[in-house]
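Please look over the structure shown here before reading the notes that go with it. The briefing is arranged by topic, and each point names the chain and residue concerned.

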Amino acid sequence: MSKYLPLWPDQASTMASQVDLLYIYLLLVAGVMTALIFLAVTVLAIKYRRRPGVAAHQIEGSTILELGWSIIPFFVMLTFFIWGAVIFFQERTPPADATEVYVVAKQWMWKIEHIEGQHEINELHVPTGQNIKLIMTSQDVIHSFYIPAFRLKQDVLPGRYTTLWFKATVPGRYHLFCAEYCGTMHSGMGGDIVVMKPEDYALWMAGGSSTPLAENGRALFSSLGCSTCHRSDVKGRGPDLAGIYDKPVQLDDGRTVIADDNYVRESILDPTAKIVSGFKPVMPAFQGIVTDEQLNALVAYVKSLSQPAQGSAALQNAPATSPGQPEVQ
Amino acid sequence: MATTSIPASQAPGSTTKLNYLNNGHTLRSWLLTTDHKRIALLYLLSVTAFFFLGGFFAMLIRLELLTPEGDLMQADTYNKVFTMHGMIMVFFFLIPVVPAVLGNFLVPLMVGAKDLAFPRINLLSWYLYVIAGALFLHCMLNGGVDTGWTFYTPYSTAASNTNVIEAGLAVFIVGFSSIFTGLNFIVTIHRMRAPGLTWSRLPLFIWAHYATSLIMILGTPVVAITIVLVAVERVFHLGIFDPRLGGDPLLFQHLFWFYSHPAVYIMILPSMGVISELITCFSRKRVFGYKFVALSSIAIAVIGFLVWAHHMFVAGISLYAAMVFSFLTFLVGVPSAVKVFNWTATLYKGSITYATPMLYAFGFIGLFTIGGLTGLFLGTLGIDVHVTDTYFVVAHFHYVMVGGVVMGFLGGMHFWWPKITGRMYPEYWARLSALLVFVGFNLTFFPQFVLGYVGMPRRYWQYPPEFQVLNVLSTAGASVLAVGYILPMIYFLWSLRYGPIADANPWNAAGLEWQTASPPPTFNFDQTPVVTWEAYNYDEIPEKELEAPVAQ
Amino acid sequence: MAEPEHNVDPDLTIEHEHTTHSNAFYIAIGAILLVLTVTTAAVAFVNLGPFNPVVALLIATIKATLVVLFFMHVKGASEKLTGAVVVSGFFFLAILLSLSLADYLTRNWR
Amino acid sequence: MHNSPATPGSTAAQTVAPAATMDHEAFNPALRHHFADAQQQKNAASLGMWLFIVTEIMFFGGMFCAYLIYRVAHFNAFAAGSQQLNIWLGAVNTAVLIVSSVTVVLAVKAAESGKRKVLVGYLVVTVLLGLTFLVIKGFEYAEKFEKHHVPGPTFNFTEKFDDNGKQIPVNPKEAELFFSLYFAMTGMHALHMIIGCGLFTGLAIMAWKGHFTSDYFTPIENGGLYWHLVDIIWIYLFPLLYLISRHT
């Protein structure tokens, strides 16, 4: 793999090898098909070139043959579909133990917030061997978070969260690109994914002090006055948020939704959209009041209220919060 | 036939026969004509102009990408250049090129009609094209537009401060030009066929145009209203597609691709029709499996409407919708594969000559095979996530849209040039240009597959240095390709004056259009033809010395 | 042969005569449409739960069908093609609506 | 030459001017040169019109798609917006359009039986009904302006969604979306009505001048198809826009 003529991208995530395997399978099938057709056209064109006195032999067609070359390719393509869908399903299903990282895209930079509080711009440090889940949103137009070495890409939309997860395998520096056209400096909206060995990563994490995201969220939660209504004692005018994350919520209009990232986000920005059963629509909308970064902190905090001890670095670092027992102010 | 079809108004043996070309020479007789053949030529001129304009932008893109730094132009300029390239090539060249030029000229001839069903609407559709084109040129000179040809929201409605509305209006108008063309074709094919010309006797060119017209009629209005909504949102700051104002940008993508994916089939189907004509003629054979090939056109048109969200696999659509659309995408592969296999089988036991049109047909099969097969990569979910929005996609759609459509168009132009002008083109130069186009095309776009898989995103003005070698290769190929495209321009013009005179049927081809004079009289046929034979009845056509018409 | 027969292909020979009805018939259809309009407005004020939009759309479709069949003379036209054109129009509209909705309804947001 | 069209008379054709041989029907001023006969011309025009109607269905279909998806997404806001529309004006307008469709179909019948004055009468009544619709629509739009329900900088929506007496506040942005679609859909429909009125005025003048006979009235027929289409679109717009969750 030459530095000047790269023919294959680096493989740096668990997904990369899977995608490459499927790609090689497709290359083989496509290569064979192309070769067959090119060969057939060439051979037939030469063999049956016009010769004086030799007329063409008319053939109407052959239903069996034609059905054959309709149905057989279809089954071959079915294997592409199934294999591709299996990989896609994995790519779109983050494991439960993934460490969360928040990504905010804007023209033209990537702002990254680790749950432990580290902020980065156009760079993302991750350890090998750990599942990382990116929770991404955009402040303006559509962007797309693309890491070729991981074979992963996800559009980042304004107004909602999209997610991407991976497990890096090989330490190194890899390209991060914006893959959805987003204006003047679209091609400059890139950066690096820095994959480190866990011990190096721990060192990097230790450098510089920062407040965990959920802790920021907790501060916001009280400064914005959320804590006056969302409380666990009966006097609360809003639903208690402890333990609701990722659980079904019964709505006023009879529907049930899962309280995932997007639901929490929407409920902060536009509280009347999905009212929890038994509560009145009294909460003011926070659209335009909180920034995307603050929103991420609030979402991280709400989540931390539902997290058991394991897999939550944020919680262990958060002093006033003990696992499973949300505080009431 | 050529001699028997001299119109009565001309004395036999007279050197000039009355035909659609010399029936009036004033500018007015051209600009107010309702003759489908003249309108086809008007389209040919305007479409060619836009092709070279779009090609000019393509060269700018390739030159900028010679080096990793953005050194030839500013980022803003580059964004406008690729947007202009895309919009011109898609809306002003690829969509109209085959239907509006070859289709306009040949559909009435092939069905044995005197004209299209609505000649004045046909003229109107050319004027709409011209108005849209003028509007677009004005927009371009006025600073251009930088949204990419896809107009993605909210960039186009809230972020871009270029002439989005004017460009949108141009696309809206040219859309109606396309709708009217499609409407005219469908009515003509249903209502104006010569006696005896049953559906099962129609040339495959007609079937392909019928299928294309269906898409034009069913799809274009949706993109038209979508662009209206984008313009309205931009003017009044509404939130139809802007999430900050309650809308959803993905709805725009749904509506846009509902048309714009089938639009690819608007482009490619007519070219497939051309290829069917070429392959049968130059192998002197009936097409292998007429019904399969004919119905595969309709199948492509219908299934083509079910697959649009495969452009949106990473856009944030639901996991399940993505799987459904991926599956449906593979369905559309079947009729496309059938066409390629049947063309190849048509060669079997034929009597094949390698005239230029046939070289283009071979080229089409080659490029479309690669383009189609790489489409399967993109339909495969796991692969698409990696390669979508990279140069892999760029390479894929150029193989299909440029490789397919332009090969078909040039092949068709060479094939019907004697019918259109009454002159033969120079065979030697034509073969050379066919070769240049094929080689240049592959040199330009094949490296882009590699570039895409190693991760270079599309619409990049500058890129990491390790991608340079592949980009240089691509630019080098583009210059070969450019020569291949400019050559036909020159020798076609040359042949208008110096080309050998063609008789009514220089290729000894089947099909009604070859049974009238070259160039045809204004009303196409001296007498309404009555069809008593099947399509491509090459077994009933006696051999003829082919050396004569093939010049050089 | 000089005067070719035009009835070689059924598609080219359809006698496009729509069955005209009496004025009274058209007025009766109009009256039914008016009654349906009143009905749909009235039903809107009755709480049928999730069936309100269903009933409203059902009535609208009945009205549209009446207009298409009798006012636009699709019923009784010896012309099968017209019916096919109308049906295909609504068919592709249905594709647009249902496949887009398929995405929205299976998303885990909104 | 091979398979020249089976016309032994092709040599005979040389004695006649090409255009003259083509026209089978000796004299019919409405017959365009490229059609074999009036029937073919009429069939072509009719099919063309129907195809145009299909494009119109798809044109409005894009907006119906947007409407459907946002109605599902922001039901409360859409219901609140709908409750602010004037259902009576909407219903009256529906009735006006239905009556106009009846007059159109009667006009076509009059044309078919060659009754010129009756035809003109129905056409004029149709135009008047169309104008009535537009005037009523104008009053509705004026009301929206007064209530600041026109999307844009002045938009203001404080009304709540009244769900069986339960007052649910809605996001004004989402309500604005409802009114955006309301104005886009009814506006595009009104534009079609305006075009229709112009078209029918023209047809009435042509009919008055005696352009149409019982053999040739294709423009009346096709104009009628257009009018009915515009009617059908309104038949759907009325329940979709005006009748969301009215049962309070």
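What follows covers aromatic and charge–ring contacts, backbone geometry, strands and domains, in that order.

This is a predicted model, and the values below are all computed from it. In chain A, 5 strands form an open sheet whose pairing is mixed, and the domain assignment gives chain A a domain 1 and a domain 2.

**Aromatic pairs**

- A pair of aromatic rings is described by the distance between the centres and by the angle between the planes.
- Within chain C, the rings of C:Phe91 and C:Phe92 form an edge-to-face pair, with 5.2 Å from centre to centre and 80° between the planes.
- The two residues of the chain C pair fall into separate accessibility classes: C:Phe91 has a relative accessible area of 44% and is therefore partly exposed, whereas C:Phe92, with a relative accessible area of 7%, is buried.

**Charges over rings**

- In chain B, B:Arg38 lies over the face of B:Trp30, at 4.0 Å from the ring centre.
- In chain C, the charged end of C:Arg107 sits over the ring of C:Tyr104, and the distance to the centre of that ring is 4.0 Å.

**Backbone geometry**

- Most residues other than glycine have a negative phi, and most peptide bonds are trans, which is why departures from either pattern are listed here.
- The peptide bond that leads from A:Gln107 to A:Trp108 is cis, with omega near -5°, and A:Trp108 is placed in the loop between β1 (99-106) and β2 (109-114) of chain A.
- A cis peptide bond also runs from B:Ser518 to B:Pro519, with omega near -10°, and B:Pro519 is located in the segment after α15 (468-498) of chain B.
- B:Asn508 is not a glycine, yet has a positive phi of about 55°; B:Asn508 is found in the segment after α15 of chain B and, at 6% relative accessibility, counts as buried.
- B:Tyr536 likewise has a positive phi of about 55° without being a glycine; B:Tyr536 also lies in the segment after α15 of chain B, and its relative accessibility of 4% makes it count as buried.

**Strands of chain A**

- Strands β2(A) and β3(A) pair in the antiparallel sense over 3 bridges, and the bridge partner of A:Lys111 in β3(A) is A:Ile121.
- Strand β6 (residues 143-147) of chain A pairs with β7(A) in the antiparallel sense over 5 bridges, and the partner of A:Ser144 in β7(A) is A:Asp155.
- The hairpin of β6(A) and β7(A) has 4 residues between the strands, and in this hairpin A:Arg151 takes a positive phi near 60°.
- Since 5 of the 5 residues of strand β7 (residues 152-156) of chain A are buried, this strand is largely enclosed by the rest of the structure.
- In a regular strand the side chains alternate between the two faces of the sheet.
- Both faces of β7(A) are covered, with A:Leu152, A:Gln154 and A:Val156 buried on one side and A:Lys153 and A:Asp155 buried on the other.

**Domains**

- For chain A, the domain assignment gives domain 1 (1-43 + 64-209) and domain 2 (213-317).
- The C-alpha centres of domain 1 and domain 2 of chain A lie 31 Å apart, and the contact takes 17 residues from domain 1 of chain A and 15 residues from domain 2 of chain A.
- For chain C, the domain assignment gives domain 1 (22-72) and domain 2 (78-105), and the centres of these two domains, taken over C-alpha atoms, are separated by 21 Å.

How values were computed. Residues numbered from 1 in each chain as written. Chains lettered and ligands numbered in written order. Predicted model: local features only at pLDDT ≥ 70, side-chain atom pairs only at ≥ 80, totals over all residues. Heavy atoms only, no water. Phe/Tyr/Trp six-rings, centres within 6.5 Å; stacked < 30°, edge-to-face > 60°. Buried < 20%, exposed > 50% of the residue type's maximum accessible area, 1.4 Å probe, protein only. Lys NZ or Arg CZ within 6 Å of the ring centre and 35° of its normal. Domains from an automatic or database assignment. Helix = DSSP H or I, 4+ residues; strand = E, 2+ residues; numbered from the N terminus. Pairing = 2+ DSSP bridges. Contact = heavy atoms within 4.5 Å.
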